[in-house]
Amino acid sequence: MRTRLQQDGPQETTRLLADSVRLARDAEHIGNVTLEELQRQGDSLEDSRQNLLGIQDMTSSAHESVRQLRAKLFQRKFMLGSVIVFLFLIIVSMLFTMYKHGGSLIGR
């Protein structure tokens, strides 16, 4: 019992080698295509990382702006409250003076 390779001899060997070379080239092509796709994906990930870093910078800047706005708002509320208290004390003082002088701010 002889194998097919033994029966067909060099022609079968040549055909098998050609098939092997074709398969190796196909595998190399698939590997190159896969490598290119991985490189594109890597570039895309790097771009995403750079975008994320930019967004983080903008977020930090926005956070600082909000903090400054809150500080100004607190300062303005404090000043407004102080003015209201001052005006209230003036009104109370005027009412007390009017009561003391019988309804007039200036004595009779």
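Predicted model: local features only at pLDDT ≥ 70, side-chain atom pairs only at ≥ 80, totals over all residues.
Let's start with the overall picture. The chain has 2 helices and 0 strands; helices (H or I, at least four residues) and strands (E, at least two) are DSSP runs, numbered from the N terminus. H2 covers residues 10-100. With 91 residues at 1.5 Å a residue, H2 should span 135 Å, and its end C-alpha atoms are 132 Å apart, which agrees. The expected span here is 1.5 Å times one less than the number of residues in the helix. Just after H2 comes Gly102, with a positive phi of about 75 degrees.

Now for the surface. Of the 108 residues in the chain, 2% count as buried, where buried means under 20% relative accessible area, exposed means over 50%, and partly exposed is in between (1.4 Å probe, protein chains only). The accessible surface of the chain is about 10,000 Å², and 64% of that belongs to carbon and sulfur atoms. These areas come from the Shrake-Rupley method with a 1.4 Å probe, and for residues only the protein chains shown count as cover.

On to the charged side chains. The count comes to 6 salt bridges, each being a side-chain nitrogen of Lys or Arg within 4 Å of a carboxyl oxygen of Asp or Glu. Take Arg49 and Glu46, whose side chains meet in a salt bridge at 3.1 Å, N to O. They sit 3 residues apart in H2, so about one helical turn separates them. Arg49 is partly exposed at 41% relative accessible area, and Glu46 is partly exposed too, at 35%.

Salt bridges that share partners also join Glu12, Arg15 and Asp19 into one network. In that group, Asp19 and Arg15 meet at 2.9 Å, N to O; being 4 residues apart in H2, they are separated by about one helical turn. Asp19 is partly exposed at 26% relative accessibility, and Arg15 is partly exposed at 38%. Glu12, at 9%, counts as buried. A polar contact of 2.4 Å joins the side chains of Glu12 and Arg15; the term covers a pair of N or O atoms within 3.5 Å, and within protein one must be able to donate a hydrogen and the other to accept it, with residues adjacent in sequence counting only if both atoms are side-chain atoms.

Arg22 and Asp26 make another salt bridge, with their closest N and O atoms 3.6 Å apart. Again the spacing is 4 residues within H2, so the two are about one helical turn apart. Arg22 is partly exposed at 44% relative accessibility, and Asp26 is partly exposed at 36%.

Finally, look for the greasy side of things. Val83, Phe86, Leu87, Ile90 and Met94 form a nonpolar patch on the surface, with about 440 Å² of accessible area together. Patches are made of residues with over 30% relative accessible area and no salt bridge; like charges are joined within 9 Å, and nonpolar side chains (Val, Leu, Ile, Met, Phe, Trp, Tyr) within 5 Å. Val83 belongs to H2 and is partly exposed, with a relative accessible area of 43%.

Methods:
Residues numbered from 1 in each chain as written. Heavy atoms only, no water.
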